[in-house]
Amino acid sequence: MQQGTLMRKVKSKSWKKQRYFKLQDDCMTIWYQSKRTGKIESAFSISDVETVREGHQSEVLQSLAEEFPAERCFTIVFYGRRGNLDLIAGSAEEARCWVQGLRQLIEPRSFPLTSVLVSRTWIRDWFQKADKNKDGRMNFKEAQRLLKMMNVDMNEDHALRLFQAADKSESGTLEGEEFVLFYKALTEREEVLSLFQDFSEDGKKLTLLEMVDFLRQEQLEDEGTEELAMELIDKHEPSETARARHALSADGFLMYLCSPEGSIFNPRHQVLWQDMTQPLCHYFISSSHNTYLIEDQIRGQSSIEGYIRALKRGCRCLEVDCWDGPNGEPMVYHGHTFTSKIPFREVVSTLGKYAFQVGRWESRVALGGAGVCGCDEGQRWGSGGAAVLGSCRGEDGGRGRSLGTAVPTSPSLTLQELKHKILLKGKKIGRLEAVLDGLGDEAPDLSDDDNGAEAEEEKRRMKVSGLDWGPAGSAEPLDTSTGHGDTKDKESLAQALSDCVVYCKSVSFRGFQEARSHSRPSEISSLAEAKARKLIRDAGNEFVRHNAWQLTRIYPSGMRTDSSNYSPQEMWNAGCQIVALNFQTAGTEMDLCDGLFSQNGRCGYVLKPPFMRDEGTLFNPSDPSTREGPGPITLTIRVISGQQLPKVANSKDGAIIDPLVRVEIHGVPADQAHQETKYIENNGFNPRWDETLQFQLHVPELALVRFVVEDYDKTSRNDFVGQFTLAFANIKPGYRHIHLLSKDGTSIPPSSLFVHIRITE
């Protein structure tokens, strides 16, 4: 891989350009240049690469399957919302070399950032960036340039003193270990060293008992503290001598604080930790809207990449809108718009491969969508889709998962009972209970209600599918001149589609009393965001009670053609389980979604608090006094410092940020709040705030805490730098690091905040 390799870069079936690709000597950067002009077109860092897929695993490469064999094709997948890079190598051997090499390069990132290996990788990376003339040495001018690159505005005299102290050879340049000394001097953490010395009697090490004292007094660890201290020393102390003496050096102490054990996110909650045997309606479920779209709602691109990205983020409820296509093949796209189309078979194949790859809980996946197809297409939906999805296997190739078409033994199914299942949400001919009792079919209820637009859309869908529900509620075949086949075929089609819907039958919502009298736990209603807000405002407690026994899906307003999102928090406050968002659009709303579902093994399910699972609950999100349990709690956050904050995208060369930290509370209306620190001028490398922010939470069980770093601008809107969001229930008190995420929700190591957390009643 050290030599430039000629490969085809592919964007479409007709756009295939030859480019030379080369891995730079730093083993961190890949650039590619035009074969014709020799001009370097672009470059990307290995740290930007999430994974590498072999073969025809993109729409573009699938379209070229007859022209280029799978063993020559591969796809480089980037973190966030950056487009993938589809490549065709000159031979299978070249493709295999690149795939294996890239995978080996991205593998070391699985080590903790504090390990010696990764620390030295970062140091080497900075050195090579600053060594402008590539002579393997750094003079003071290059060191000053490095400081600018690292977001540091340091006094020149102070910088020179650090430089000269590291120049042990007195050559006027830094080489090898000399640069390591210079880097360590730059990154010295005074606030951490001060904390270390508060608990160290000799100021040089923490004994086992001193470490136990720190864990109990500051980190509030109260179980197995001595065993925990031993474990942390063995894991994070770099000195073998210190480890043998059960002591922790200052370096080891810093490594612990920067590790997952020192994170604000409780490590016990990162794995599956909640009860997974409750009824499905007792969980918040990670859900996407129009999953196939990766851009806007009118002219945007439809892509299987939308499904892959959503599933890899832990999404458990996806949308598949199926329409008539050419040659009798169903197509997936946003109906009555100009969005592009993808074959239904590709969507099903993708779901079969990726549905159970994320998280250790092999949980169910719900597919919602419109079966707006004619006879042949609908038959493929009902039979072909079931065949593929019903035999899909997880990444480990384990036991096959089944499409949820078996008749349930209870209308109130638990998540455990639905393990390994893929469920289809949609309209059904007859109630689930009618199927159970053998009572035959009845027409779906499509009468008008407050959500009239949805009812009309469902009527239109049924007409296109080949059946029209007349005034008497009986099935009446459409005129064959407007259909896709004879009446018998249309009825068979409707039944084939209906048979795929077992657990999540869609029903219109006509009020809470009507639902209680005539609906069942196995049914689900979909509400537009405006309708949901009105119900929350006018009947908050009734809405919470309704969601304690039946599923509710919320979807974005049709006016959000730009794929923007509404706040999911207000819907979760009312217990709505399936709050569908446009996953392709970054912002606060998706930060909240990722923050809520980052717990519980990222399985896509979060158990609702007890007072939201009780059908007789008095809880109303607009009145926190109706919550059963202890009184309000106080969350106190001391924002101490920041480390190596990234520069703002597209900032001017040499520009240095003026960072501030804002802490936001998202929860019930009484808890909504935000506070921020002052800004630190010209220091994105190691800003120090030492400011205390305090919040009172009335319903902490529903609260999400969002930490945002911005670049202060007195003349215009502040620029986003990084953020991290988590549920209050997952916060670990004490001295903690917060590892920041980009706008796309990807990590930006080694950028972090250092805080102290206290929770009191």
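Predicted model: local features only at pLDDT ≥ 70, side-chain atom pairs only at ≥ 80, totals over all residues.
Start with the charged side chains. The model holds 29 salt bridges. One of them joins Lys 312 to Glu 50, with the closest N and O atoms 3.8 Å apart. Lys 312 belongs to helix 12 (residues 304–312) and Glu 50 to strand 5 (residues 49–54), so this contact ties together parts that are 262 residues apart in sequence. Lys 312 has a relative accessibility of 31%, and so counts as partly exposed. Glu 50 is also partly exposed, at 29%.

Strand 5 takes part in another bridge. Arg 103 and Glu 54 meet through their side chains at 3.0 Å, N to O. Here helix 2 (residues 92–106) supplies Arg 103 and strand 5 supplies Glu 54, so the bridge ties together parts that are 49 residues apart in sequence. Arg 103 is partly exposed, with a relative accessible area of 34%. Glu 54 counts as partly exposed too, at 42%.

Now move to higher residue numbers. Glu 691 forms a salt bridge with Lys 678, and their closest N and O atoms are 3.2 Å apart. Glu 691 sits in strand 31 (residues 688–697), while Lys 678 sits in the loop between strand 30 (673–676) and strand 31, so the two tie together parts that are 13 residues apart in sequence. Lys 678 is partly exposed, at 45% relative accessible area. Some bridges share partners: Asp 591, Arg 662, Glu 664, Arg 706 and Glu 710 are joined this way into one network.

Aromatic rings come next. The structure has 18 aromatic pairs. In one, the ring centres of Trp 323 and Tyr 333 are 5.7 Å apart and the planes meet at 40 degrees; the pair is therefore tilted. Trp 323 lies in strand 14 (residues 322–323), and Tyr 333 lies 10 residues away in the loop between strand 15 (331–332) and strand 16 (342–343).

Phe 611 and Phe 619 make another tilted pair, 4.8 Å centre to centre, with 55 degrees between the planes. Phe 611 is buried, at 6% relative accessibility. Phe 619 is buried at 0%. Elsewhere, ring pairs link Phe 196, Phe 199, Phe 214, Phe 253 and Tyr 256 into a cluster.

What about the cysteines? The count of disulfides is zero. For Cys 315, the nearest cysteine sulfur belongs to Cys 317 and is 6.7 Å away. A disulfide needs the two sulfur atoms within 2.5 Å, so Cys 315 is in no disulfide. Cys 315 is buried, at 0% relative accessibility. Cys 281 is buried too, with a relative accessible area of 8%.

Cys 317 leads on to the cavities. There are two cavities of 30 Å³ or more. Which element gives the largest share of the lining? Strand 13 does, with three residues.

Note on methods. Residues numbered from 1 in each chain as written. Heavy atoms only, no water. 1 Å grid on protein atoms, 1.4 Å probe; cavity = no way out; pocket = protein on both sides within 12 Å on 5 of 7 lines; lining within 4 Å. Points joined across faces, edges and corners; volume = space filled by probe spheres on them. Helix = DSSP H or I, 4+ residues; strand = E, 2+ residues; numbered from the N terminus. Buried < 20%, exposed > 50% of the residue type's maximum accessible area, 1.4 Å probe, protein only. Salt bridge = Lys/Arg side-chain N within 4 Å of Asp/Glu carboxyl O. Phe/Tyr/Trp six-rings, centres within 6.5 Å; stacked < 30°, edge-to-face > 60°.
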